[in-house]
Amino acid sequence: MQKTMTNKEYQSYVEKMTPNSKTGRNVLRAFLVGGLICVVGQFISNVLKMKGYGQEQVSSIVSLIMIFLGALLTGLNIYDDLGRYAGAGSIVPITGFANSIVSPAMEFKSEGYVMGVGARMFVIAGPVLVYGISTSIVAGIIYFLLKQ
Amino acid sequence: MASKRLGKQTVKLQNPPSITSTASIVGPKEGKGPLRLFFDNIIEDEMWGEKSWEKAESKLIRETFSKILQKAGKTSQEINYVISGDLLNQCIAANFGLRESDVPFFGVYGACSTIAESMSIGAMLVDGGFADDVVCITSSHFCSAEKQFRYPLELGTQRPPAAQWTVTGSGGVLLSGKGPGPYITHITTGKIVDMGIKDANNMGAAMAPAAVDTIVTHFKDTGFTPESYDLILTGDLGAIGKEICIELVKEQGFNIANIYNDCGVMIFDREKQDTHAGGSGCGCAATVFAGFVYKKLMDGTLKNVLFIATGALLSPVSTQQGESIPSIAHAISITTSLNQ
């Protein structure tokens with residue numbers, strides 16, 4: 001273009017022209033929905049404890065139920081609307097992790113069960129798993145060495 | 001210099017082709033937008049009876065092609081060329097949608113500028129005496145585009161305010177050597193412009209400099225001014241790109257604010273339909289032109305239109321590799337009367 005500004009000037013001009021996300025509103029929504037998801041988890045946890053399950057069992061069962069709910073709501077086309085409203089509030093809890101695996105599985109079903117669902121299922125959750133597991137191994141080694 | 005060239009990037013057609021027929025088919029969301037009354041057909045759901053979104057998008061192209069012919073009273077045997085492209089990898093919507101058309105085919109890719117690119121080439125083919133009738137057609141589909149360029153549909157994410165919503169729809173035109181108009185008189189072919197914007201969620205800002213470049217070059221090449229037109233329409237700059245475009249064109253001495261609009265801004269009600277900065281995609285400029293603009297040209301509300309479809313020439317790979325977004329804009333000057 002007949003340049004009236006350099007690329008740098010244009011980029012800062014664009015930054016000025018582009019509205020920011022409504023952080024205050026997003027944080028509030030994330031807090032409310034994220035909190036609500038945690039309350040549901042806590043409720044299930046309390047019920048299980050009342051039924052006499054031990055702490056370790058309760059932790060596993062609550063995770064399983066929350067993952068199931070996340071997957072179910074994804075399949076019912078509800079979780080994406082929830083995510084649009086709540087942002088990090090529905091991404092951070094374990095239900096969001098289920099959503100990140102089920103949504104590509106649904107999306108790539110048209111490419112078949114092997115190259116579609118199978119290969120693409122972890123396209124979003126994959127990095128979380130790789131670096132999550134790697135970090136836990138590093139943390140484990142450090143813990144092991146410190147204990148010596 | 002070749003006799004039909006004008007200035008740096010423009011050609012003046014000596015036998016201006018007529019746009020003799022158009023058709024537009026859009027998705028359900030577009031069918032609830034402000035321009036819903038101008039489209040030929042609104043599909044009820046995004047799959048449209050097909051097994052995948054890609055197949056549905058091919059069907060959009062196929063049905064739009066038939067509709068163009070049907071409205072013009074022509075058969076596919078009378079069409080010399082069809083020029084088409086879309087957003088999907090290897091342009092499968094166009095290639096598969098037109099594989100049964102039995103018409104010589106040029107596949108083109110200009111991202112969201114594809115409709116203006118194909119109309120430019122089509123108009124030159126007709127003007128050059130290489131064809132009597134050429135169909136130019138493009139499509140985009142929200143779901144197939146999201147799948148290829150962004151995230152799975154059911155993933156719960158938030159979009160930033162600058163993000164745009166890919167239009168589900170297909171629009172196309174029939175260009176004929178003989179016809180009563182509206183006529184394509186000038187074509188200004190855009191250059192690739194890259195001002196270093198890297199944010200794939202702010203494509204309006206990435207494409208605006210390309211649109212500005214083409215608009216200003218068009219004025220300089222042809223000697224036209226904003227007063228020569230009653231509508232200057234860009235393809236899919238969206239709300240942010242639109243503001244940038246007006247300001248930067250003004251900086252170069254042309255005030256287009258009163259007669260300028262953008263298809264991406266027009267096609268959705270941004271507030272009610274939650275489309276952030278507006279519509280985008282090949283189908284955006286194509287359906288707004290084939291639906292709204294053509295009908296306004298035919299009923300005489302519009303007489304002189306400068307149509308500039310804009311394209312962001314990125315790919316998911318280039319974005320992941322941290323590249324900026326090269327952009328392009330192709331302009332077509334359209335008039336209802338040749339005696340001016």
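I began with a pair in chain B: α1(B) passes α4(B) in a left-handed crossing. A crossing counts as left-handed if the near helix is turned anticlockwise from the far one by less than a right angle, and as right-handed if clockwise. Helices here are DSSP runs (H or I, at least four residues), numbered from the N terminus.

I noted the source. This is a predicted model, in which local features need pLDDT of at least 70 and side-chain atom pairs count only at pLDDT 80 or more, while totals for chains, interfaces and linings use all residues. Residues are numbered from 1 along each chain as its sequence is written, and chains are lettered from A and ligands numbered from 1 in the order in which they are written.

I then looked up the geometry of that pair. The axes of α1(B) and α4(B), the latter residues 142-149, are 8 Å apart and pack at an angle of about 130°. Axes are lines fitted to C-alpha atoms over the stretch in contact, with angles from 0 to 180 degrees between N-to-C directions. The two helices are therefore oblique to each other (under 35 degrees is roughly parallel, over 145 roughly antiparallel, 65 to 115 roughly perpendicular, the rest oblique).

I listed the contact residues, taking C-beta atoms placed from the backbone and lying within 7 Å. B:Trp53, B:Glu54 and B:Glu57 of α1(B) meet B:Cys143, B:Ser144 and B:Lys147 of α4(B). I sorted these residues into two nonpolar, one polar and three charged. Nonpolar covers Ala, Val, Leu, Ile, Met, Phe, Trp, Tyr, Cys and Pro; charged covers Asp, Glu, Lys and Arg; the others, Gly among them, are polar.

I checked α1(B) by itself. This helix, residues 53-72, has 20 residues and reaches 29 Å from its first C-alpha to its last, close to the 28 Å expected at 1.5 Å a residue (1.5 Å times one less than the number of residues). Just after α1(B), B:Gly73 takes a positive phi of about 70°.

I turned to chain A. The axes of α2(A), residues 23-50, and α3(A), residues 55-75, come within 10 Å and cross at roughly 140°. That makes α2(A) oblique to α3(A). The crossing is right-handed.

Methods
Contact = placed C-beta atoms within 7 Å.
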